[in-house]
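Hi,

Here is the structure I promised to pass on. Have a look at it first, and then read my notes below.

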Amino acid sequence: MSESLAVVVLAAGQGTRMKSALPKVLHKIGGRPMLAHVLAVAKALSAARVVVVTAPGAESVSALAKEWGAEAVVQERQLGTGHAVLATEQALKGFKGNLLVLFGDCPLLTAGTLSRLTAKLGEGADISALGFEAADPTGYGRMIMDGARLSRIVEEKDANPKERATKLAFAGMLAGRAATVFELLHKVGNQNAQGEFYLTDLIEIARTRNLNCAVVEGKEGEMLGVNSRAQLAEAEMAFQARRRRELMAEGVSFAAPETVFLSADTVIEPDAVVGPYVVFGPGVTVRARAEIRAFCHIEDAEIGRGAIVGPFARLRGGAKLDDNVGIGNFVELKNAHLEEGVKASHLSYIGDAHVGARTNIGAGTITCNYDGFAKHRTEIGADAFIGSNTALVAPVSVGEGAIVAAGSVITESVGPNALAVARGRQVTKAGRAEEIRSKARSKKKDK
Ligand code: UD1
Ligand code: CA
């Protein structure tokens with residue numbers, strides 16, 4: 001039987017180095033706040049309790065915590081990482097199991113690595129801390145070993161040159177029995193370069209009590225702590241590379257993977273093909289065998305099996321394409337449901353609309369869904385034909401099998417199988433062009 005687990009996520013730091021009005025942990029990676037990445041991992045660990053430490057007034061941070069089913073606890077003053085963990089002591093009073101500390105600014109961590117960290121506690125370690133061999137350990141705490149045992153962690157600002165040369169960096173995650181962690185933290189002082197109560201000082205105190213502190217090593221790619229905008233961009237890059245690799249392993253083709261941007265929640269089914277330079281915002285599902293051609297921007301959309309989208313298409317705001325829909329270049333869809341086999345191949349805006357199966361939407365068709373005050377719907381039946389350059393002034397409907405002539409401005413609903421022509425009638429006058437030209441020439445001579 002494995003011990004029950006409480007996860008504490010530290011998210012109260014000011015994030016000064018970000019130079020941002022937004023709390024650091026709300027900055028996004030793959031379109032999802034860093035804190036949400038960490039909470040997703042906590043969820044994957046099936047923790048009995050998840051407690052997020054927030055700063056006073058950080059309502060948006062505690063709201064996000066609650067959205068993920070976590071509790072929020074306020075750390076009244078930001079006196080350091082050790083102090084932050086202690087802020088959860090009251091909330092976790094009586095909790096008997098293990099405690100795992102995570103940082104809200106380490107978004108790339110995986111549940112697998114953390115399971116190895118907590119597993120160490122079942123193998124005789126009193127405290128286990130996550131570390132990694134850093135190519136450049138600048139900014140990280142250094143892990144000082146005594147043989148196989150961890151003897152202390154020293155912050156860079158407090159380290160002597162020899163300690164600084166250590167490449168084994170502390171990733172910020174640490175686990176131990178909850179009661180032990182809290183007890184040790186009460187002994188931590190703030191006599192250091194930053195005058196803070198460091199979580200990391202708990203190791204040295206544990207060692208003086210002959211407790212066994214172990215290091216679990218992880219891959220550097222998972223450990224990045226985001227303190228600055230540059231590190232945020234670095235984490236984004238690492239996240240993108242990982243998601244592309246995962247999707248390819250699941251059977252998705254990318255013509256130029258490094259040019260495709262994914263969101264944390266992007267779902268792409270096997271045998272879908274994604275061309276170069278495609279951006280997936282949040283909320284996208286692409287079904288099997290669909291093809292997304294180059295330069296599309298897609299968010300909040302579902303793309304059916306075998307559908308073809310792009311090049312240069314934009315889908316957003318609840319666009320839903322059923323199987324085998326074809327969306328061509330410079331077509332924008334918003335809150336529109338296109339049933340199976342619909343084609344809109346060129347230059348259209350279809351918003352707040354429903355289009356029945358197999359209907360053809362001609363080039364330049366626009367649903368005029370907004371009158372300056374409110375949005376209105378357009379309903380188009382199955383097997384209809386909308387001629388090029390049609391304006392559909394919503395609210396309006398076009399019945400099944402109806403034909404709308406090119407260049408129409410449709411303001412009244414069109415019944416099933418009807419033909420609607422709503423444009424000026426053409427007038428052709430034979431020879432009139434030449435008359436106009438000769439008149440103009442003689443006028444010019446008179447001057
Ligand atoms: C910390 C570690 C360092 C480690 C690095 C890994 C300490 C003392 N240092 O340094 O050893 O290598 O992370 O990325 O632990 N926070 C609070 N309340 C506070 C202070 C911080 O909630 O009073 C939160 C922050 O929001 C952040 C996390 O704790 O999510 C880490 O704080 P940060 O200031 O970024 O620590 P680092 O300097 O990166
Ligand atoms: Ca940090």
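D300 touches P282, G283, V284, R316, G317, G318 and A319, leaving aside residues up to four places away in sequence. Its place is in the loop between β18 (297–298) and β19 (301–303), and D300 is partly exposed, with a relative accessible area of 40%. For a sense of scale, D300 and A422 are 122 residues apart in sequence, and their C-alpha atoms are 34 Å apart in space. Keep in mind throughout that this is a predicted model.

Next, the metal. The calcium ion (ligand 2) is coordinated by D105 (OD) and N227 (OD1), at 2.3 to 2.4 Å. Those two come from distant parts of the chain, 122 residues apart: D105 sits in the loop between β6 and α4 (111–119), and N227 in the loop between α8 (220–223) and α9 (229–249). D105 is buried at a relative accessible area of 11%, and N227 is buried too, at 16%.

Now for β10, residues 168–177. Is this strand enclosed or open? With 9 of its 10 residues buried, β10 is largely enclosed by the rest of the structure. It has antiparallel pairings with β6 (residues 98–103), over 4 bridges, and with β7 (residues 127–133), over 6 bridges.

On the helix side, I looked at α1 (residues 34–44) and α2 (residues 59–67). Their axes come within 10 Å and cross at roughly 30 degrees. Since angles under 35 degrees count as roughly parallel, that makes α1 roughly parallel to α2. The crossing is right-handed, and in the contact between them L35, A36 and L39 of α1 meet V61, L64 and A65 of α2.

Most residues other than glycine have a negative phi, and most peptide bonds are trans. Here are the exceptions I noted:

- G310 and P311 are joined by a cis peptide bond, with omega about 5 degrees; P311 lies in the loop between β20 (308–309) and β21 (314–316).
- F312 is found in that loop between β20 and β21 as well. Its phi is near 60 degrees, a positive value in a residue other than glycine, and at 38% relative accessibility F312 counts as partly exposed.
- A394 and P395 are also joined by a cis peptide bond, with omega about 0 degrees; P395 is in the loop between β29 (391–393) and β30 (396–398).
- R289 is not a glycine either, yet has a positive phi of about 65 degrees. It is found in the loop between β16 (284–286) and β17 (291–292), and at 52% relative accessibility R289 counts as exposed.

Over to you!

Cheers

Methods
Residues are numbered from 1 along each chain as its sequence is written. Chains are lettered from A and ligands numbered from 1 in the order in which they are written. This is a predicted model: local features need pLDDT of at least 70, side-chain atom pairs count only at pLDDT 80 or more; totals for chains, interfaces and linings use all residues. Side-chain values use heavy atoms; hydrogens and water are left out. Buried means under 20% relative accessible area, exposed over 50%, partly exposed in between (1.4 Å probe, protein chains only). Two strands pair if DSSP finds at least two bridges between them. Donors are N, O and S atoms within 2.8 Å of the metal (3.2 Å for Na, K and Ca); water is not among the atoms, so sites may look incomplete. Axes are lines fitted to C-alpha atoms, for helices over the stretch in contact, and angles run from 0 to 180 degrees between N-to-C directions. Angles under 35 degrees count as roughly parallel, over 145 as roughly antiparallel, 65 to 115 as roughly perpendicular and the rest as oblique. A crossing is left-handed if the near helix is turned anticlockwise from the far one by less than a right angle, and right-handed if clockwise. Contact means heavy atoms within 4.5 Å.
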